[in-house]
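Hello,

Here is the structure I promised to pass on to you. Have a look at it first, and then read on for what turned up in it.

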Amino acid sequence: MLFRSNWTNLKAVYPSQAKDFSVLIQTGMEKEHELPHAPLLLDLVKGDPQKEPVARFLSTTVALNRTLAAPPGLPAERVAILRKAIEETIRDPEFLAEAEKTGSEIRPMSGEETSSAVRQVLATPKDVIERVKPVLGMR
């Protein structure tokens, strides 16, 4: 479940300057509605066998940036209870009003989408991780 994107963070921290930012590229799995001109990283490398897996890993981890997750092996009935509680919360008028006040965008991923994205990240081949490290300034 994504509560606040990097773009909404920038707008919250620099409200008067945000309109002057030149966003050149976006990471994540979907574009910000306020930035239709800035392409997604994934779209720029689509079809490149070396770059696309790295971009997919980076974009998926950005999409999971503010995820609520439970540990593996949690009984299914508890997962269902947690998912239901989260779904009810993100529809709650008081919660949504507070989010609006703080400038937070509520753009939820379903439990299934979150689980799928986590599995995808965890299944990333080691050679892709090695290509990601320099992009992140890691050795």
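**What was found**

Lys133 lies in helix H7 (residues 126-135); helices here are DSSP runs of H or I with at least four residues, strands are runs of E with at least two, and both are numbered from the N terminus. Leaving aside residues up to four places away in sequence, Lys133 touches Met138 and Arg139, where contact means heavy atoms within 4.5 Å. Lys133 also sits 9.6 Å from Val54, C-alpha to C-alpha, although 79 residues separate the two in sequence.

Before going further, please keep in mind that this is a predicted model, in which local features need pLDDT of at least 70, side-chain atom pairs count only at pLDDT 80 or more, and totals for chains, interfaces and linings use all residues. Residues are numbered from 1 along each chain as its sequence is written, and side-chain values use heavy atoms, with hydrogens and water left out.

The mean pLDDT (the predictor's confidence in each residue, from 0 to 100) is 87 for the protein, and 96% of its residues reach 70 or more.

As for the overall layout, the protein has seven helices and zero strands. Its C-alpha trace spans about 45 × 45 × 25 Å along the principal axes.

Now to the helix pairs. The axes of H3 and H7 come within 9 Å and cross at roughly 70°; axes are lines fitted to C-alpha atoms, for helices over the stretch in contact, and angles run from 0 to 180 degrees between N-to-C directions. That makes H3 roughly perpendicular to H7 (65 to 115 degrees; under 35 is roughly parallel, over 145 roughly antiparallel and the rest oblique). On the H3 side, Pro53, Val54, Phe57 and Leu58 make the contact, and on the H7 side Val128, Ile129, Arg131, Val132 and Val135. By class, this contact of H3 with H7 has eight nonpolar, no polar and one charged residues (Ala, Val, Leu, Ile, Met, Phe, Trp, Tyr, Cys and Pro count as nonpolar, Asp, Glu, Lys and Arg as charged, and the others, Gly among them, as polar).

Helix H3 (residues 51-63) also meets helix H6 (residues 111-122): their axes come within 10 Å and cross at roughly 140°. That makes H3 oblique to H6. Arg56, Phe57, Thr60 and Thr61 in H3 meet Ala117, Gln120 and Val121 in H6. The residues of this contact divide into three nonpolar, three polar and one charged.

Best wishes
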